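Okay, everyone, let me share my screen.

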Amino acid sequence: MKRLTVSGDIIQDAENIANGVYAPLGGFLRAKDFQSVLDNMRLENGEAWSIPIVLDVNEEDYKRLKNENRIILADENNNEAMALENIEIYKYDKKEFARKVFGTVDASHPGVKGVMEMGEYLVGGDVKYNPNAPNYNPNDPNMNYGLGNSDLIRRFGLYYHTPKQIKEIFREKEWKTVVAFQTRNVPHRSHEFLQKKALEGVDGLLIHPVIGKKKPGDFRDEVILESYKMLLENHYPKNKSLLSVLPIKMRYAGPREAVMHALIRRNYGCTHMIIGRDHAGVGNFYGSYDAHNIFDEFGADELGIEILKFENVSHCRSCGELKMEKTCAHEPEHKFHLSGTKIRDMIINKEKLPEE
């Protein structure tokens, strides 16, 4: 059987498919589903999914694999972790991909840059664990025998859970309603405010930071995790919050990525999802609340998770506390806007962080 060597990100996507993180996907998208997701944010069968999960190949690999029905996916260390079955190889339009998913073809956008660097063909097919992989164990109920995130698991294993494991934890804690918070940054006071505000109306809070590939300048995985560990251990109720990591690369697709993040948290058993200002945005490519408005394109029950749309939170010097925009009458000059980007810049420049 022929094999294809792919990046760790592709293996990670394959594992996320196999573990149910990307449900309803059962594999890398074939042509009709790919086009439907681009055009409608739904698979051809109508189920919601907003960003294509695809496997790209170059001309040389296309010629080598075009007549195959089943191939092995190997990582860069030659671990034959996954298999792809019933494959379909097809051409696609990179500019259309970029424009419809990211809303731009500007190569300064990290997601657009990634698409433009992809191969000329996409390979769709059903993802399976490779039964010949060295650590394959069909008796492992959580299917934690994939190899793609082995480095991530070694580094963050105590905080890594599959959807099946997370749902079991929720059952043990007797949490019937759970709100999820997505992050790629260390927390600041505005994040804390939103998380605790959302927690008032549910049984539990899942802090679910992304670990994996991010753009240059983003916080390191270890820093994000240690910051949240400190916050939860010292400032959050012990029986109401849970910290777990999500191995996935950031796409920086703004509104469309907000939808995908919500669907992923639904698959983990969450009933609610916090969507704040400029969710999954980058630079000035998206409006502050584009990631709120996109959810208006889906029916009330279509996503299977309730979206909590939170506006911007600032520290008002006149009020002396954190306030949402709609609940504070003071002028902008009275307010200190908390920003992950601003905090990163201050740390890099060795500036003292203000108490706010």
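**Cores and helix packing**

So, the largest nonpolar core has 79 residues, and F28 and W49 are the ones touching the most other members. By core I mean buried Ala, Val, Leu, Ile, Met, Phe, Trp, Tyr and Cys joined through side-chain atoms within 4.5 Å, with buried being under 20% relative accessible area, using a 1.4 Å probe and protein chains only. Helix α10, residues 255-267, gives the most to this core, 6 residues. Apart from it there's another core, of 30 residues, including V186 and Y236.

Quick caveat: this is a predicted model, with local features needing pLDDT of at least 70, side-chain atom pairs counting only at 80 or more, and totals for chains, interfaces and linings using all residues. Numbering runs from 1 along each chain as its sequence is written, and side-chain values use heavy atoms, with hydrogens and water left out.

Now the helices, which are DSSP runs of H or I, at least four residues, numbered from the N terminus. Helix α8 (residues 189-199) packs on α9 (residues 221-235) at about 50°, axes 13 Å apart; axes are lines fitted to C-alpha atoms over the stretch in contact, and angles run from 0 to 180 degrees between N-to-C directions. On the α8 side, H191, E192, Q195 and K196 make the contact, and on α9 Y228, L231 and H235 do, counting heavy atoms within 4.5 Å.

Last pair: α2 (residues 31-40) and α4 (residues 94-102) have axes that come within 8 Å and cross at roughly 45°.

Terms used. Helices (H or I, at least four residues) and strands (E, at least two) are DSSP runs, numbered from the N terminus. Buried means under 20% relative accessible area, exposed over 50%, partly exposed in between (1.4 Å probe, protein chains only).
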